[in-house]
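Subject: Structure for you to look at

Dear colleague,

I am passing on the structure we spoke about, together with some notes on what turned up when I went through it. Please read them with the sequence and the coordinates open beside you.

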Amino acid sequence: MNNKGQSANRRTIDETLQAITTRKTPVPKSGFILLILLYVLATVVLIRVTRMGGEITIAGNVIQLRNLAGVFSSLANLCVILLVVIYRTPGFITGLAILITQFPVVFIDIIRKHNFDAISGFFTNFLTIIVIILIYINYKRASRYQKTVLEQAVTDLLTGLPNRFAGREYFGGLIKANEKFVYVAADISNFKSINDTMGYETGNKVLIEIANRWRNLADSGETGTYNMVGHVGGDEYGFSIQDYESEEDVIRTITRFREVLEQKITIDDCDYYVNACFGYAFFPEDAADLETLVSRASLAMHDAKRRGITSEPIRFTKELIHSEKGLDIERKIREAIEADTVFFHLQPQYDMSHKLRGFEALARMKDADGSFISPADFIPVAEQSGLVDQIDMCVFRKAAKFLEDAEESGNSNFLISVNISVKHLLKNSFIDDIKSILDTYKVNPGRLEIEITESVMIDSVERALERIEEVKKLGLMVAIDDFGTGYSSLSYLNNFPSNLLKIDKSFIDAMDNGESSKKYVASIISIGHILGLEVISEGVEREDQVETLSKIGCDYIQGFVWGRPLPPEDAAKLIV
C-alpha cells in the first residue's frame, strides 16, 4: 500500500478530538479590513469637523459642525469594539494598537496647539481601551470554559475515545469533502456474560482495554491505512478506514483490529478472551449520507452477529436490507396482533348510478411513531411468516362488528368485502374461524363477502372448490379478486361458486392504450355476465374511465374517482 504520503499528514485520535473542539466558524477577512477602513474614515471626518468651522441646517435647525465630533468619535470606537467582538485575539491586538497610537497625537494636539477640546478624546480612547480589555478577558474565560465543555461533549467518558457526536462531526466532514472512506461497525460478542458473571466494574475495564488497544493500533499507522476509532456506546465501537487502495486493504485492516482484540486481556489477575462481529460499508458506493452509511454498516454487523460470524467482516449488500426489513416488519406484525392494533379502512364500492353497494375492508397497520406501514410491505411478510390468517380474521372480526353496529342503527342495505389469503382459505381451521365470528356478531351473513384471488386454482382446485362451497353454505358472498392477473381458466371459473368478478386495476389503466385494451376489458365483463356473475372494476381513478366502463356494461366500480379508503367512522357517514 502506497499511503505514506497521505498518512503522514493525518492526526492521531487525540489530535482529531482537539481539532473538533477548536473548530470555529470562519469569519470573512474582508470584514476585518472594512472595520479598519471605517475607523480611519470616521477618524478623518472627526479631525475635519473639529478643526473647521461652519454649520449645517437640518430640518430648519442650525447645527455647528463641531457638535458632530462626538458622533464620529463614537463611530470610530464602535469599529474598534466590533473588531474585538468579532475577530477575538487579532481584533484585540489591532484595536489596542490603534487606540494606543492615538495618545501621542492627542498629547501633541493639547501641548503644541493648546487644543483642550482634545482632552475629551483622550478619556474616550482610555475608556474604550478598558472596555476592549474587559471584553477580551471575558472572551478568554468563556473560551476556556467552552473548550472544557466541548471536550466533554465529544469524548466518551469511559474510554476516552471519540463519542457518537464526535464521530458524526468527523465522518460528516469527510462526506462534505467527498472523501472516500469505509465505516466499520463492531460489536463485542457475548460481552453481557462478563458483566453478568464478573460485574460491571470488570466489564468497564475490559471496554477500556479494548479502546486502548484499538487507539494505539490506529495511532501507530501499523495497518497501512488511516483509522479513526470511536466508542458508539455499550459494547459497540465504530471506526473508519481511509487511504486504502482496494477492498483487500480494508479487509486486512479490519483483520488486524480483530487480531489485536482477540489477544488475551488480563483484569485483576483474571484472563479474558473476547472477539467481535464486524460489518462495513463504503462511502460513497454503499451510501451517500452518514445516517445511511452507519445504518448499513450496522446492518452488516448484525447479520454477522445473527449468523455467529466473528472470523471475517461482512460487507453491506442490498439483500441485507430486505432481510432486515422483513424481520423488523414481522416483529411489528406480531406486536400488532398481540396488542390487537391491526385495524381496517373501508373503500366504498358504487354501481354505475353512484348508488353505494358496500365497502372493501383493507387491513392497515401503524408504526410506533404513528406512521402507516404500507400493506405492500406487511402483507407479503405476513404470508411468508404464516401470520396472514391472523390478520385476515382480525379484519373480518372488526368488519363484522362494524356491520352489526350499522344493522342495530337500522342501516343494513350494504355489504362488506374482506380479503382472505389462499393459504388461510385452505387451512382446516378456516370454516371454524368464520363460524366463530358469525356466532359472536349477530349479522346477516349475506352482507359479508370474502375476496379470493384466482391463484387459489393453482394450489388445489378440488379442495378450493370444496372450501368455497362451505363458505357459500354459511350464507356469505364470494368474489374473485384480481381476475386476469394469474391463472385464468374458463372451465374452473364456470365451476367456481362465486357471486362477483373483480377486474384488476392494471386492465383499467390499460384502457388508455387503445381500443383493443377497452375491448379486452369488455370481453371480461361479458364473460362474467355469461357466467351469471356481477362485475366490479378496481382502481378507477378518472371520470372518463367511469364513462367507458358504463358503456361496456360494468356493474360496479371501486377507486379514487368516487371514494378513497376511509376510517370506519367516516365510512359510517356514507350509509346514514
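Does E470 count as buried, partly exposed or exposed? At 29% relative accessibility, E470 counts as partly exposed, and I start there since this residue takes part in one of the salt bridges described below. Please keep in mind throughout that this is a predicted model.

Salt bridges

The count of salt bridges comes to 35, and I looked at a few of them in more detail. E470 pairs with R467, with the closest N and O atoms 3.3 Å apart, and both residues belong to helix 17 (residues 461–473), where they are three residues apart, or about one turn of the helix. The arginine of this pair, R467, is buried, its relative accessible area being 9%, whereas E470, as said, is partly exposed.

A salt bridge of the local kind also joins K205 to E201, where the closest N and O atoms are 3.9 Å apart; these two residues lie in helix 8 (residues 200–220), four residues apart, again about one turn of the helix. Here K205 counts as partly exposed, at 31% relative accessibility, and E201 counts as exposed, at 59%.

The salt bridge between E291 and R168, in which the closest N and O atoms are 2.4 Å apart, links distant parts of the chain, since E291 sits in helix 10 (residues 290–307) and R168 in helix 6 (residues 164–176), 123 residues apart. Both partners are partly exposed, E291 with a relative accessible area of 48% and R168 at 43%. Elsewhere, D328, R331, K332, E335 and D367 are linked in a network of salt bridges.

Nonpolar cores

The largest nonpolar core holds 69 residues, of which I333, F396, I416, F430 and I450 touch the most other members. Helix 13 (residues 388–408) gives the most to this core, contributing 11 residues. If residues up to four places away in sequence are left out, F396 touches V418, I434, I437, L448, I450 and L476. There is also a second, separate core of 61 residues, which includes A166, I194, V206 and A218.

Helix 21

Helix 21 is followed by G553, whose phi is positive, near 95°.

With best wishes

Note on methods:
Residues are numbered from 1 along each chain as its sequence is written. This is a predicted model: local features need pLDDT of at least 70, side-chain atom pairs count only at pLDDT 80 or more; totals for chains, interfaces and linings use all residues. Side-chain values use heavy atoms; hydrogens and water are left out. A salt bridge is a side-chain nitrogen of Lys or Arg within 4 Å of a carboxyl oxygen of Asp or Glu. Buried means under 20% relative accessible area, exposed over 50%, partly exposed in between (1.4 Å probe, protein chains only). A nonpolar core is a set of buried Ala, Val, Leu, Ile, Met, Phe, Trp, Tyr and Cys residues joined through side-chain atoms within 4.5 Å. Contact means heavy atoms within 4.5 Å.
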